[in-house]
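Open the model in your viewer and keep the selection panel at hand.

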Amino acid sequence: MKRVDVLIVGAGPAGMAAAVAARRFGLDVLVVDDQPAPGGQIWRSVETVAATARGAILGESYQSGLSTAEAFRACGAAYEPGTQLWQIEPGFRAYLSRDRKAWTLEARAVVLATGAQERPVPFPGWTLPGVLTVGAAQILLKSSGQIPDKPVWVAGSGPLPLLYLTQLLRAGGQVAGYLDTTPPGRLRVALPHLPKALRAAGDLLKGFGWATTLRLRGIPVIKHVTDVEATGKDRVEAIRYRTADGKDATAPAELLLVHEGVVPNIHAPLALGCAVAWRDDQDCYVPVLDRWGETSQSNLFVAGDGAGIAGATAAVLRGELAALRIAERLGRTDAQAAETAAAPLLLRLGRELALRPFLDALFKPRPQIFAPSDDTIVCRCEEITAGGIRAMVEVGQPGPNQVKAFTRAGMGPCQGRQCGYTVTRILAAAEGRSAADVGFYRVRPPLKPITLGELAGLEQEAVP
Amino acid sequence: MTRDQADVVVIGGGLHGLSAALYLARAGKGVVILERAWVGRHASGATAAGVRTLGRDLAEVPISLEAMDMWHRIETIVGDACGFHAHGQIRVAETERHLTELNERAAKLRQLGYAHEEIIDASELRRLVPALSTHCVGALVARRDGAADPHRALSAFRRSCEAAGVTIHEGCGVTAIERQGADWLIRAGEQGFVAPAIVNAAGAWAARVASLIGDDIALGMKASMMIVTERLAPLLEPVVSAVGRSLSFKQSGQGTLVIGGGLQGKADLDTQLSSVDYRELAKGARAATDLFPCVRDVRIIRTWAGMEAKTADLLPVIGPSPNAPGVIHAFGFSGHGFQLVPVVGAIVCDLLVHGKTERQIEAFAAKRLMARKAAA
């Protein structure tokens with residue numbers, strides 16, 4: 001069985017930066033990533049796309065990923081693309097799979113740089129073909145330049161819809177309209193955080209620039225929308241929504257893209273038994289980390305948006321911090337030198353994080369997201385409705401794991417990634433408890449579905 | 001400290017605790033269940049829910065056969081079919097040598113007057129399980145056996161208990177038990193329960209409960225691992241196991257494959273946590289794909305390890321405490337207790353209500369596991 005010093009899971013900004021930094025200390029590094037090329041979600045396909053016309057469409061912060069990817073390629077870390085990590089046992093023994101073949105390896109330290117996922121938002125019709133997330137649409141744009149051939153409706157809140165719409169317009173796509181679901185009054189709540197946020201003013205200005213582009217292009221932007229619905233027989237044919245003055249409106253639609261922010265990928269830390277804490281400001285769980293990014297499990301680190309949503313620049317810094325600490329742990333540098341090297345990184349990280357309270361307050365998910373109507377499907381895999389979850393509350397004060405056992409919500413192939421938070425919030429509301437108190441599904445391995453044949457193949461792997 | 005009065009306090013809110021409570025309540029007893037976590041938290045929620053007489057230890061056969069009759073009318077007992085289907089259980093022989101073993105087993109049972117296990121040849125095996133690999137040469141089958149849905153069973157037993165007047169306290173772990181006159185005082189933190197009788201149905205933690213009333217019972221632990229796959233089209237109806245392999249293979253009502261067979265993960269009594277050992281579990285996947293080559297590309301969705309008690313002879317402990325008056329033990333089912341749930345509830349009820357039972361439980365006496373202590 002192979003052994004490495006450091007296993008890094010994910011080749012996005014955090015994973016690449018951690019690899020480059022760890023290699024500087026001469027550590028033996030393996031980076032595994034389920035994508036075919038480095039870049040993660042934000043810099044997806046950056047090596048092949050950055051210098052092309054599509055790269056220009058995607059913008060400067062996309063193109064800026066190229067230098068990180070190049071440094072990563074040159075750093076001497078082993079790199080296994082198209083590879084899934086599906087289990088880690090203490091010690092650490094990692095279980096990996098590629099092309100339906102599984103193998104294991106030992107690592108002295110692990111960095112989980114597995115990023116974020118879009119917050120799943122159940123609403124009537126969200127399972128209809130033709131309803132996608134903005135993130136999924138952006139992946140198609142980045143990796144293969146796909147532009148919808150029909151006008152696109154976008155509904156949601158946060159920076160990503162604005163960014164995507166700007167990119168889509170630049171690429172020649174058509175936009176039917178943007179239903180901005182940010183509730184009224186959010187700017188007022190967010191303003192007290194503005195002075196600190198101005199330390200990262202560049203990013204803020206970008207956001208306002210996107211909004212201006214939409215206005216200038218005459219795209220309908222409908223503010224403070226609620227009760228978004230997709231209707232149609234076999235696929236989305238129309239959308240329905242309520243405007244700020246309480247009126248219902250409908251419009252024909254063939255493609256509806258939705259987005260209500262992102263949340264850290266929490267499954268791997270949960271499966272590994274890492275302590276997590278509820279964050280009210282980002283409405284999600286995050287792993288409990290020290291300033292180096294080390295979890296409650298020794299030598300297991302989380303870097304990047306998986307540590308709490310903070311963007312690519314912060315992800316790079318967090319990756320470097322984790323690598324520094326690992327180098328110290330594995331005897332490649334001493335504590336004093338690590339502290340000295342960490343100081344400027346921590347300073348810059350602080351500046352990046354200063355932007356978050358403003359954005360988190362401005363784009364805090366509206367309460368409606370967590371209170372879908374009774375007939376709305378919550379668990380897509382098993383087709384369990386919100387009403388089905390609420391009915392469970394009649395018996396005692398069940399938590400997510402009991403509801404899972406009795407309704408099968410969370411038992412499908414997505415392993416609760418789509419319904420976990422919704423179930424937690426529905427139970428919290430129905431039982432008069434906080435989301436933090438209700439907790440989250442217990443996550444069962446494998447972290448990614450593997451086949452029986454793959455697992456069977458492991459039986460022949462030589463035991464050291 | 002609060003003090004609630006009851007006729008019987010059942011410790012453990014698994015299926016055996018629920019079943020005992022149900023029979024006792026229906027016999028007119030005031031019953032309280034104390035469950036440390038929630039109903040069905042450990043073995044009862046983690047079981048493959050096989051309903052099997054096939055291959056039982058001879059000492060278990062009489063109560064297992066009675067339990068099977070009860071499963072066939074389970075709806076009249078708990079108001080729900082519990083997802084039980086009697087599609088049979090089949091123990092497959094992959095070689096002639098294995099088939100000889102099965103023939104010997106069948107002959108022994110016939111000698112004792114039992115007819116529930118039956119030898120079948122390769123063609124009948126193929127008829128019953130068309131998806132099975134063609135190298136299998138024959139099998140032993142118990143046609144009235146089958147499998148149930150553990151969560152539906154838990155719901156049904158729980159609802160029946162509550163309808164019969166049982167009070168269930170979840171999140172209520174027993175911390176101490178002491179004698180008070182003719183009664184027991186069972187403490188669970190700041191809560192106290194007073195009753196003349198106790199049922200110890202605490203599963204993996206039953207030896208710890210037993211020690212609180214003065215019984216020192218040698219008890220091991222199991223952490224049997226399970227695999228559940230994505231849903232697939234109907235593939236097989238019976239539950240299939242194989243001689244010389246750790247495998248139990250079936251398809252649930254939802255279409256998922258449920259693969260177990262007793263491969264052991266890791267577990268810790270103190271933290272109450274268990275985990276899967278994938279190197280070990282690979283043997284189960286290998287057995288499954290050897291017997292059913294068509295499932296190689298089926299995706300595994302979840303795996304887990306459930307925690308329960310295991311005795312040295314793999315027989316349960318069912319019966320009165322030799323030391324403590326009014327205490328009935330019902331634990332140590334060693335990986336095959338699900339099928340026995342209804343009959344063990346009836347036995348515990350016999351013992352507490354009538355002071356005796358007509359059912360054959362001599363082999364399950366706690367004393368056999370306490371000898372070492374007595375000798376020392």
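Domain bounds, as used on this tour, come from an automatic or database domain assignment. The model is a predicted one, in which local features need pLDDT of at least 70 and side-chain atom pairs count only at pLDDT 80 or more, while totals for chains, interfaces and linings use all residues. Residues are numbered from 1 along each chain as its sequence is written, and chains are lettered from A and ligands numbered from 1 in the order in which they are written.

**Stop 1: the domains of chain A**

Select residues 2-117 together with 263-333 of chain A for domain 1, then 120-260 for domain 2 and 371-438 for domain 3, and give each a colour. Look at domain 1 and domain 3 of chain A, whose C-alpha centres lie 30 Å apart. The contact between them takes 4 residues from domain 1 of chain A and 5 residues from domain 3 of chain A, where two residues are in contact if their C-beta atoms, placed from the backbone, lie within 7 Å. On the domain 1 side there are 2 nonpolar residues, 2 polar ones and no charged ones; here Ala, Val, Leu, Ile, Met, Phe, Trp, Tyr, Cys and Pro count as nonpolar, Asp, Glu, Lys and Arg as charged, and the others, Gly among them, as polar.

**Stop 2: a sheet in chain A**

Next select β12, β13 and β14 of chain A, which form an open sheet of 3 strands in that order, with antiparallel pairing. Which strands stand at the edges? They are β12 (226-231) and β14 (248-252) of chain A, each with a single partner strand, so one side of each is left without a neighbour in the sheet. Strands are DSSP runs of E with at least two residues, helices are runs of H or I with at least four, and both are numbered from the N terminus; two strands pair if DSSP finds at least two bridges between them. Between β13 (residues 238-242) and β14 of chain A there are 5 bridges, and if you show Arg240(A), you will find it opposite Thr250(A) in β14(A).

**Stop 3: chain B as a whole**

Among the contacts in chain B with a separation of 6 or more, 74% are between residues 24 or more positions apart. Colour domain 1 of chain B (2-48 + 151-218 + 312-375) and domain 2 of chain B (89-143 + 224-305), and note that 31 Å separate their centres, taken over C-alpha atoms. Here 5 residues of domain 1 of chain B are in contact with 8 residues of domain 2 of chain B, and the domain 1 side has 4 nonpolar residues, 1 polar residue and no charged ones.

**Stop 4: where the chains meet**

Finally, show both chains and look for the place where 28 residues of chain B are in contact with 22 residues of chain A. On the chain B side, α7 (150-163), β15 (225-231), α9 (278-291) and β21 (299-305) each supply at least two residues, and the largest share, 9 residues, comes from α9(B). By class, this side of chain B has 12 nonpolar, 7 polar and 9 charged residues. End by selecting β22 (residues 450-451) of chain A and β21(B), which run antiparallel and are joined by 2 bridges, with Thr451(A) standing opposite Arg299(B) in β21(B).
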